Amino acid sequence: MTADVPETSSGGSVRVVLVSDPGLPSEIARALAPRLPDHLRRAVRTRVRWQVDTMTAPLSVSEQADVSDIAEAVRSHLDGAEWDVAIFLTDLPRRARLYPISVEVDTALRAALISLPALGVRRLRRRVRQAVVDVVRELVAHEETPRHPEVIGRPPREPVPDTHPGPEQPERYVVPGLRGHTRLVAGMVYANRPWRLFGSLSRALAGVFATATVLFVNSATWNLATALGAVQHAVITAGSAVALTLWIIVDHQLWERGAHLPARHHPLYPYNLVTLVTIALAVVVLATALFAILAAVSFLLLDASVLRKFIGRQVGVGDYLFLAWFITAIAMIGGAFGTSLEGDEKVSDAAYGRRQRERQRMLRQMSRPEQGGRGGPDTTDG
């Protein structure tokens with residue numbers, strides 16, 4: 001890190017480095033960097049030239065690692081990693097007691113840590129930019145009042161226990177109350193990309209479509225599907241979705257236990273809740289896509305006269321939809337058998353965001369005292 005940040009009247013150059021975890025934080029940093037100098041010129045009243053660079057590196061293995069720990073780790077892993085202001089972007093959730101931490105600022109190091117999950121999902125890229133601008137204003141122009149308190153929250157009312165007590169403690173911002181917890185869970189789920197889960201599970205998809213194909217050409221299925229009412233279809237669908245969700249979690253041991261993580265990671269509710277919501281949303285995405293496909297195939301390939309011959313009455317649009325609905329619910333059970341054929345690592349990769357996977361691998365390495373060495377960053381972007 002360079003020695004001094006230029007003063008407001010120096011007319012020098014300020015290098016802002018966005019160091020981000022792999023995955024979603026890195027994508028946001030790369031998208032933000034080109035336009036960030038313009039935003040900083042408008043928001044920070046200084047006569048300086050803004051230079052913004054991006055780097056990608058795993059930042060932290062622990063929720064409790066503060067910004068000074070991360071700055072030290074980044075400097076040790078990234079050759080020539082010097083900055084006037086360093087902004088670390090992570091999708092690792094952070095908490096102060098029960099409050100999600102959104103931003104942590106260390107004025108002595110001229111560095112800050114922004115936890116994306118605490119910013120939520122709605123207009124996330126815009127919120128990240130606003131948080132970065134507020135942090136740079138505080139570090140460069142010494143503006144202590146944030147311009148976007150609705151985004152980064154407020155300082156905690158009670159002191160936060162520090163991992164490394166000392167005279168200079170980082171300043172933290174938290175998002176309190178139900179809004180903070182909702183943001184945190186939603187942000188973690190978003191980082192997991194649940195809509196991509198089944199795209200990486202080829203065997204599960206094969207099981208779903210194989211089951212659907214067999215049912216679709218079965219006349220007994222036609223009779224049963226058109227005889228059931230909407231309430232019965234809804235109950236069957238809900239039951240199959242719950243069964244598939246729980247099967248994936250239990251079969252691949254995705255549920256965290258307290259013994260698996262250090263005590264400082266407790267409570268575990270965000271991790272397990274996020275896992276449950278991620279898998280459930282992925283199942284909903286699968287069911288919706290399968291229903292749309294089956295409904296289209298039914299209208300295109302299943303002639304009304306053929307269907308009428310087997311069910312013994314006039315055929316309406318509702319019959320086609322009920323048929324697609326019923327096959328979707330039953331076929332998802334076939335998908336559970338398909339997921340059993342996938343490796344645990346592959347399912348874990350689909351269920352967790354990249355940052356969470358990296359953290360778990362590093363925690364497993366730390367739990368082996370005999371194993372030496374320290375992993376470096378994945379990539380570096382100039």
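Okay, let's start with strands E5 and E6: residues 99–106 make up strand E5, and E5 pairs with E6 in the antiparallel sense over four bridges. Strand E6 covers residues 111–115. Two strands count as a pair here if DSSP finds at least two bridges between them. The names come from DSSP runs too: helices are H or I runs of at least four residues, strands are E runs of at least two, and both are numbered from the N terminus. In this pairing, Asp 106 stands opposite Ala 111 in E6.

Quick note on what you're looking at. This is a predicted model, where local features need pLDDT of at least 70 and side-chain atom pairs count only at pLDDT 80 or more, while totals for chains, interfaces and linings use all residues. Residues are numbered from 1 along each chain as its sequence is written, and side-chain values use heavy atoms, with hydrogens and water left out.

Thr 90 is the residue opposite Ser 115 in E6.

Buried means under 20% relative accessible area, exposed means over 50%, and partly exposed is in between, using a 1.4 Å probe and protein chains only. In a regular strand the side chains alternate between the two faces of the sheet. In E6, Ala 111, Leu 113 and Ser 115 point one way, Ala 112 and Ile 114 point the other way, and all are buried.

A touch, or contact, means heavy atoms within 4.5 Å. Arg 123 is not a glycine, yet has a positive phi of about 50 degrees, and at 47% relative accessibility Arg 123 counts as partly exposed.

Next up, helices. Two packed helices are described by the angle between their axes and the distance between the axes. Take H1, residues 24–32, and H4, residues 124–140: their axes come within 10 Å and cross at roughly 70 degrees. The axes are lines fitted to C-alpha atoms, for helices over the stretch in contact, and the angles run from 0 to 180 degrees between N-to-C directions. That makes H1 and H4 roughly perpendicular to each other. The cut-offs are under 35 degrees for roughly parallel, over 145 for roughly antiparallel, 65 to 115 for roughly perpendicular, and oblique for the rest.

Who makes the contact? From H1 you get Leu 24, Glu 27, Ile 28, Ala 31 and Leu 32, and from H4 there are Leu 124, Arg 125, Val 128, Arg 129 and Val 132. By class, that's seven nonpolar, no polar and three charged. Nonpolar covers Ala, Val, Leu, Ile, Met, Phe, Trp, Tyr, Cys and Pro; charged covers Asp, Glu, Lys and Arg; the others, Gly among them, are polar.

One more pair: H8, residues 219–227, and H11, residues 304–311, have axes that come within 9 Å and cross at roughly 75 degrees. Here Ser 219, Trp 222, Asn 223 and Thr 226 in H8 meet Val 306, Leu 307, Phe 310 and Ile 311 in H11. This contact has five nonpolar, three polar and no charged residues.

Zooming out to finish: the chain has 14 helices and seven strands, and buried residues make up 51% of its 382 residues.
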